[in-house]
Amino acid sequence: MRTQPLDPMALGGSDADDRSDSPRRYADEREKALLDAHQRAAGSETGRVRQMLVGSNLRYTALGFVAFVIVWYILTDLLTLPRFNFLPSPVAVFTQWTSTDPQYGISVFTPIYYEHILVSIRRVLLAFGIAVAAGVPLGILLGWNRTFYNLVFPIVELLRPIPPLAWVPFAVLILPGVESSVVFVTLLAAFFATVLNTLLGVWSISDDYFRAAHCLGYRRIDVLMRVIVPGAMPYVFTGLQIAMGVSWFSLVGGEMIAGRSGLGFLIFDAYMQVALPNIVIGMITLGLLGYLSSAGIRRVGAWLMAWQEKGRSA
Amino acid sequence: MTPLWDTKWFLWERWSRRLRSAVLWQGLAGIITFFFVWQVARWLGWMVIIPSPIELAGGIPEEISRTGYWQNWVDSSRRVFAGFAVAAVAGIVIGVVMGMSKGLRATIFPLFEVMRPIPPLAWLPLAILFWPSSELTMIFLTFIGAFFPILLNVLAGIDKVDPRYRLAALSLGSSHGAMFRRVLIPGALPSLFTGLAIAIGITWEVVIAAEMASGTNGLGYMTWDSYMTHSMIGIVLGMLSIGIAGMASSWIMRVVGQVATPWQR
């Protein structure tokens, strides 16, 4: 990426003026704001967004959740406004979800609920695994070898604009069985996200490292293992997070349109059977799983990249 | 100033440089190999179901000339742009309000945070129940898909404005209005357009799936209908059309973004 301009007015001015200002002496709002800006400039843009999103605001999230449920309750149960009375109320959803003998067959005590969850998780993990196993090496090759890039990247660009869900009919006809077509649709978007971010990651490595490696007489394999792989890692993990998000997204679409099991199917089936609370149970479960899986990737990423104390400069 | 022949010469120079570069030829070679392998695989009888590139080239014009093909474009684009426009307005307004006031942000943001991890398509059944027409259902889904990326990027853009610019504006005695117009808006615009470009891609994705699952017209439905009638050429045409539509929309967003932020070039 571009190096920071040496303009003190620019975002992320040098560290030196941070210290010579000794911002703690003037503990007023303005200096704090400046210090804040320096710290934020030190983190990447995604890092900042991420911090904003998860950070330590668990309390606020809980508050938001409570507020959300209250608004939902008021709209559906208390006021029963026109159109809102079609929606299941939080009370109905909660009683259904925790009932030992659920009216519509889905609750935390029924095995079928966990079956749907497991089917969906298995599909996402399989698709994600294939996408990463194929996408990271391809991205590294694309970033490493100019000729390979020139030859192959146009094909990637040719196929990438087609949204994964537009592949559903095609996949159903081509691939044997529903399972493989749902997995295929799920892995497509994740694959492209991984390839592109890995490629960007390789490109983001400063040329100095390559020159240094060259001077030190690294063989090509050493350059790959010691320069390219660790250097591209931060972007790869950004890519993996995006890939996980789009996997869940496409999975739901694939299961709704073509699936016969899984959470996407559960939601659509509940709609067909007019088992309204099940729709919301499915949605909440999907939201939770999506959130947990991206949190998991963040954890792994932070652990693997412990050397990056504050993150790379954007 | 510049005589005509000069511009011509310049264009020629640029084109000839492009023609002489390896990038173009290698790219072409890659794509041609791709289609060639596909064609050969078909000749060898490996792929029974997928039509070959030659068959596609022959069959697609006929499919396009069918009545209603262009109407599908109109229907899908209308849904995409309606949902996108509402999401853009809502995302920008809410994002700016949240960006300007820390208190409001702490109260509103967690509310969205709860809804964000739910994939947009999971809203489909509830949306069908809630909205009186299928048109509104699909517009709502595209709205849900586009809203969060726009909101997040507006917020990130406002956060990214260097506080020194704000302080400089304050010490030069700027009013609230001037601060907003001269500092915050130009500072947040690049990030906003990134968000818009991401969002328009997602809206196409969502509208296609919604049309497949519950629509009666549009490009997604056309693709699904071709599947029902086992018309492989129709399916591929649908995929191509959707890809082109999505690409064209993001291209429009990029151009608008470049025009709106001339200092970024």
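Colleague: Thanks! How much of chain A is buried?

Modeller: Of the 314 residues in chain A, 39% are buried. Bear in mind that this is a predicted model.

Colleague: Noted. How many helices and strands does chain A have?

Modeller: Chain A has 13 helices and zero strands. Its pattern along the sequence is α-α-α-α-α-α-α-α-α-α-α-α-α.

Colleague: And among contacts between residues at least 6 apart in sequence, what percentage join residues at least 24 apart in chain A?

Modeller: That comes to 67%.

Colleague: Let's turn to the core. Which residues have the most contacts inside the largest one?

Modeller: Trp167(A), Ala190(A) and Leu124(B) have the most contacts inside the largest nonpolar core, which counts 126 residues. H11(A) gives the most to this core, supplying 17 residues.

Colleague: What does Trp167(A) touch, leaving out residues up to four places away in sequence?

Modeller: With those left out, Trp167(A) touches Ile162(A), Val185(A) and Leu188(A), as well as Met239(B) from chain B.

Colleague: Speaking of chain B, how many residues does each chain bring to the contact?

Modeller: Chain A brings 58 residues and chain B brings 53 residues. On the chain A side, the helices that each supply at least two residues include H2 (29-42), H4 (58-78), H11 (220-258) and H13 (276-304).

Colleague: What classes of residue make up that side of chain A?

Modeller: The side of chain A that touches chain B has 45 nonpolar residues, nine polar and four charged.

Colleague: Switching topic: which residues of helix H5 of chain A are buried?

Modeller: In H5, residues 90-98 of chain A, the buried ones are Pro90(A), Val93(A) and Gln96(A).

Colleague: Why do they count as being on the same side of H5(A)?

Modeller: Because they cover an arc of only 135° around the axis, which puts them on the same side of H5(A).

Colleague: Great, thanks for the tour!

Definitions and conventions. Residues numbered from 1 in each chain as written. Chains lettered and ligands numbered in written order. Predicted model: local features only at pLDDT ≥ 70, side-chain atom pairs only at ≥ 80, totals over all residues. Contact = placed C-beta atoms within 7 Å. Helix = DSSP H or I, 4+ residues; strand = E, 2+ residues; numbered from the N terminus. Nonpolar A, V, L, I, M, F, W, Y, C, P; charged D, E, K, R; others polar. Buried ≥ 20, exposed ≤ 12 C-beta atoms within 10 Å, placed from the backbone. Arc of directions from axis to C-beta. Core = buried A, V, L, I, M, F, W, Y, C linked by C-beta atoms within 7 Å.
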